[in-house]
Amino acid sequence: MTTTINVTEADHRDALGPDDAPLDLADVRRRLKAIFIGSVGNLVEWFDFYTYAAFALYFAGSFFPSGDAVAQQLNAAVLFAAGFLVRPFGGWMFGHLADHYGRRIALMLSVVLMCFGSLMIAVTPTYASIGIGAPILLAAARIIQGLSLGGEYGTSATYLTEVADRRHRGFYSSFQYVTLIGGQLCALLVLLALQKVFLTADELRAWGWRIPFFIGAGLAIIAAVMRRNLHETDDFNAAKTLARRESSLKALLKYPREVLLVVGLTAGGTAAFYTYTTYMQKFLKLSVGLTDNQTTMVTAGSLIFAMILQPIYGAISDRIGRKWLLIGFGVSGVLFTIPLLTTLQNVKGPLAAFLLIAAAWMIVSGYTSINAVVKAELFPTSVRATGVGLPYALTVSIFGGTADSVALSFKSIGHEQWFYYYLTGMIAISLLVYLFMRDTKKDTAIGRHA
């Protein structure tokens, strides 16, 4: 049976009504249901993608036979970055699908592709078995996952923004990062369960690291089935009656300012986000000196805290606007990144490490909670998924996916602190964009189809 989420034209008109309109509980329930179904696949996609980062400490030795732990992690981080380098192609391909054939079909196909990539990693032989073929197959799987994720971000950001009502668009769209962070948290929880309950460290390194990739592939199949039941957004249905004979890229060239805004507002935020997610696990283990279990517990706790912050900050943006939150992130990031990371490097226990990372998330959430809705509010319906996905993926591939590699490279030459200055500089560049961009809550392209 197919479940239909009936977000009607009347609902759409109500969403564009006065801000003091009475709360419609039935409308809220319909939209929350759409948000849930639209988000659950996003969580699965990011679980699959982040499983690589969460378990890299265990499988790196199986694919990269160096005896140096930092060198092994650097090699694994390079392949992690490779998954990001192909994300712009995924953003373009799935953005084209979403803008021309619908958000639903693009969301469903992206999660199917992620399933294939995860299953491929789960069954890839080790370097001891097939030699250089092992890291080559691992790289191919990461490229497939990168294509999938490149399409997921822009399409899911577009979908969540379009099903949200005007007064709560920041709150609803913040659930993209709730599920995005939740995907990484689920990967860490699986790691924690395997560490503490089911397997020894040696078993994890020998074969246990394959388990979460099998889990991810299975969950992706379930998510694809659920996404079959997604209701297409009213915005897309209204826009599809317009003539669209030009390619998505050609259409996107009509909005050069908006494209540059996406690049500028993303650069610092994505570098900070991946510092406190994918790199932080390695930082706690290799630099702070926490045990494997402590590293997992601290990282998981900080991600739970970050998830709680996202809808709170999103709701705040619905009150005060998007721009002030972005400026708050920029100013705080410039002032406190170096002191936070320097102090974190010298702490002695997991509690102090958690509190410092939590403080960092109170800064970074000013970007993560609303960046999806800000990008979606820049573009009209006919080019929105491509406009959000392609320049974002390009920026993330340069500044986000490389955060691990840059940080570990500095560490390998004995100058880890240089990365702190690098990150501060990236946030400062984005701060300049935040100061001079328009507030998209007040000046939005939502409802404009061409």
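1. Salt bridges. The structure, a predicted model, holds 8 salt bridges, a salt bridge being a side-chain nitrogen of Lys or Arg within 4 Å of a carboxyl oxygen of Asp or Glu. Local features need pLDDT of at least 70 and side-chain atom pairs count only at pLDDT 80 or more, while totals for chains, interfaces and linings use all residues. Residues are numbered from 1 along each chain as its sequence is written, and side-chain values use heavy atoms, with hydrogens and water left out.

2. Asp99 and Arg103. These two side chains form a salt bridge with an N to O distance of 3.0 Å. Asp99 is buried at 1% relative accessibility, and Arg103 is buried at 0%; buried means under 20% relative accessible area, exposed over 50%, and partly exposed in between (1.4 Å probe, protein chains only).

3. Arg103 and Glu162. Arg103 also meets Glu162 in a salt bridge, at 2.7 Å from N to O. This pair links distant parts of the chain, 59 residues apart: Arg103 lies in helix α5 (residues 103-123) and Glu162 in helix α7 (residues 133-163). Helices (H or I, at least four residues) and strands (E, at least two) are DSSP runs, numbered from the N terminus. Glu162 counts as buried, with 6% relative accessibility.

4. Glu377 and Arg322. The closest N and O atoms of this salt bridge are 2.9 Å apart. Glu377 sits in the loop between α19 (371-376) and α20 (384-400), whereas Arg322 belongs to helix α17 (residues 322-345); the pair links distant parts of the chain, 55 residues apart. Both Glu377 and Arg322 are buried.
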